[in-house]
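Welcome! Please take a look at the structure below, and then let us walk through a few of its parts together.

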Amino acid sequence: MDILSLFIIVPIATILALVFSKGLKQSRIVSMVGSIVQLGMAINLIFAYFKERAVNSDIMVFTKDLVWFKDFNIHYNIGVDGISVALLLLTSIVVLAGVFISWKMNDLPKEFFVSLIVLSIGVYGFFISLDLFTMFVFFEIAVIPMYLLIGIWGTGPKEHSAMKLTLMLMGASAILLVAILGIYFNSDADGGALTFNILEIAKVNIPIEAQKLFFPLAFIGFAVIGALFPFHTWSPDGHASAPTAVSMLHAGVLMKLGGYGVFRVAMYLLPEGALHWSWFFIILAAIGVIYGAFSAIKQTDLKYINAYSSVSHLGLVLFALLMLNKTAWNGAILQSLSHGFMTALFFALIGMIYGRTHTRDVTKLGGLLKVIPFISTIYVIAGLASLGLPGFSGFVAEMNIFVGAFEHDNMFYRIATIVSVSAIVVTAVYILRVVGLMLMGPVKNEAFLTLEKVTWYEKTGILLLLIPIVGMGVAPLWLSDMILESLEPFIQGML
Amino acid sequence: MNLDSFLLMRHELLLLAIILLLIVAEIFIPPNKKQSIVHLAIFLFGVHTLIGFLPVDENNLFGGMFRTNGLIHFFKNVLNVGVLILLLQSADWLQEKIVGQNKGTEFFILLFSSLLGMYFMISSGDFLMFYLGLELSTLPVAALAAYETVNRKSSEAGIKLILSSALASGVSLFGISMLYATSGSIYFADIIQLVSATNLTSLGAILFFTGLAFKISLVPFHFWTADVYEGAPISIASYLSVISKGAAVFILMILLFTVLKPLMQVWENMIYVIAIATMFIGNLFALRQQNMKRFLAFSSIAQAGFILLGLIVGTQLGTATIVYFVLIYVFSNLAAFGVVQAISLQTGKEDINDYEGLYRTNPNLSLVMMLALFSLAGIPPVAGFFGKFFLFTAAASEGYYFLVFLAVVNVTISLYYYLLVVRAMFLRKSENPIPFFRSKVYMRLGLLITVIGILVLGIYSPLYDYIYELSGIFN
């Protein structure tokens, strides 16, 4: 069995084991073991990747190509480069942390873990796919379990949020389908056979008219899940209603599919279309960055704050991708990773606070630093990482994005960049405001004085997420080198 | 006639033998043992289905009136499997409700006669055989729709079906007569040579199309669908929506792609408009349905709209994707109807609201239903996704991107109402949910086969390759 297919097979095996397990205790042990194996494989993959990269200079390594539907030239074609390796690691960490955070999932535990792992299969499959069809299949597999996860185990207006989220994301993927068909039927423009293979299509000069037509469809299809303004509205509602682990997985991992897909499919395969349309989407992305940040200021629900903050941060990813240069792209990937860990950590902490105080309203909370110091301290750290303090992952990412964006000497790009940079200030405002209201000051509610201490599984979940945040901030170079190296062929393809 | 030509008609002759056997059995089985007729019929049909899979030659009979080839043979097998599943799913209903009224045998005889009509219809090599098949397949179903005579809605369904189908086949016959008038022949092989795009042939083609559009329940010939499905026994609603529709789609496809190919300019535009109308009307009406049978009726109208996306292209790819889609649709829709049938038989409940909290009491039934709905909605990795994706690919291959775009908009709309049922079963909690029950073994077997089909048919790619290969015959 090859090293990448295992990323699909191990979760499937986990699901089979879950089907035969009974009750919460067995389900969570099975899921934990499955996720730990998965994490082990992801770490192993990083080392294997470096070893392989030293001797192999292909765009993708560990490739495997099996014919699936031969009449359509659909293949089960997988492979990774530095970018997908990093995102696989992110996924496996967040999934494992999510399992720990859901340690006390009492209602239908088996079904919960099965849905969670189905979702992770979709994500893993998406990141390793080199075939548009397979990629699309995994994309939808990743989205649909969200409906059940939010609808069954969520809180608040969960049915509404689940439906809205599912319809918007599936609607986007339906638009994406048109774009994929458009790309497919233009993949013989240079006289070759029709193909879904991404690497093959990238070599083809798709007619400019087709690129201009299908780029917006492909871009929007992916960017909706990356919370592109004005298609972000599913995200705050969805996050607010979702159970903790699902918010983590969703904001931490699922929303990264958007940026990755935009990069790997829309831009790589339709470069002329990207050049033609980038101005338009840059405006939307910049609005998203600013709008998300300002919305976060006005919110009082912790999850809404974080959800809007995600809209802002992921807007930055799309913004950077649209800048079409190496530094900005590097920043975009780093931002994806950094935001993945950070926001998963935030949602985990919010879940813990909510589980103890039964409120997420910042105006009703106060002085938590005195009663639950561990959680509160980590919250401060995560907040500082989120506003881009040097030494944490966010700084490295945002630095790259803005330096890259400013490399354009065009006035339009510069203005857009300056506008987006200002969001950082706003970020500082809402993060510090929450820290001030919620953690500092006197304890507002007597009941808070007797809050439960942090348990071992919560600590494990938190540490799993915190280590990479600090790690990326302190030693970003190996990661950044790995990504830059993988960006090289894409840059050449684009320009 | 020699032995070889008998073998070509193996499906028809075997089914005829079964019908006759059942009549004999009806005479000889004593009244207190009438239950066994159900076992007998299912057993015989099961054997018939298995024998159907043996390979068959490709040839014409009766001077070209009857023809068979790989694809037609394959499609008859699809119909067989569908009917077998349907029999398994309705066995309990028959034993509990129908055999007691002493009309169990007639049910099978009527159903099999209708199926026999479909065999002849899809094997037809001229319009006479086609028309005979069409009538033979429709009339018994009308009797079956009115089978629960105590139920007034059932009688209403029967009379609605017979009146509207009589009108539709009359119009169709009128169209055929025009084609005959211009070409001077009723044989498909001759008409292909002789027909050309004149006003009269175009009108003939359109009128002819109407008759089949009625059977497939395309907009604007869909008005009977919801009422008939609601009133008819569930097995018959399921038969109408799966088997009858599948056979009609198949023969329509063959005729459009071969006989009426010279008129492609005419029917291409017509189908373009009808596809859009059917998808939108089917989907939008399904949004507000409360009764599961009406709900599935509108959903099946919408599915027919998707099928037209493959029909419009008129190529080998179109043929293959349509056959593949119908095959998957048979399994998905039968699974959904099977669950509705199981619940209705146990509790008499048929509304979506009644399904609230079903997962917590009957997890297996809910999971089957969810898989079926996901397959109908086209969500991977279940089979429906592949069927739909390939249909859309077929349409895009001829540049119908805008039509594909409208279709994906409709997929999203349809997802909403399919999720409403999932919501009722999984998300909602009910004060008084449907209590836990175990279905009998036939029903469970029937559902199991559909689930295996839904899970395997899409991922197992050699099946599509096989269909694609067979589809070359008509192009």
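Helices (H or I, at least four residues) and strands (E, at least two) are DSSP runs, numbered from the N terminus.

Before going on, please note that this is a predicted model, in which local features need pLDDT of at least 70 and side-chain atom pairs count only at pLDDT 80 or more, while totals for chains, interfaces and linings use all residues. Residues are numbered from 1 along each chain as its sequence is written, and chains are lettered from A and ligands numbered from 1 in the order in which they are written.

Which residues of H1(A) are buried? They are Phe7(A), Val10(A), Pro11(A), Thr14(A), Ile15(A) and Leu18(A). A residue is buried if 20 or more other C-beta atoms lie within 10 Å of its own, exposed if 12 or fewer, and partly exposed in between, with C-beta atoms placed from the backbone. An α-helix has 3.6 residues a turn, so residues three or four places apart point the same way. On the other side of H1(A), Ile9(A), Leu16(A) and Val19(A) are exposed.

The buried residues of H1(A) pack against three helices of chain A, listed here:

| Helix | Residues |
|---|---|
| H2(A) | 23-55 |
| H3(A) | 82-101 |
| H4(A) | 109-128 |

Next comes the meeting of the two chains. Chain A gives 26 residues to the contact and chain B gives 24 residues, where two residues are in contact if their C-beta atoms, placed from the backbone, lie within 7 Å. On the side of chain A that touches chain B, the largest share, 13 residues, comes from H7(A).

Turning to chain B, its secondary structure comes to 20 helices and 2 strands. Buried residues make up 60% of its 475 residues. The C-alpha atoms of chain B fill a box of roughly 65 × 55 × 45 Å, taken along the principal axes.

Finally, Tyr272(B) sits in helix H12 (residues 264-286) of chain B. Tyr272(B) is partly exposed, with 17 other C-beta atoms within 10 Å.
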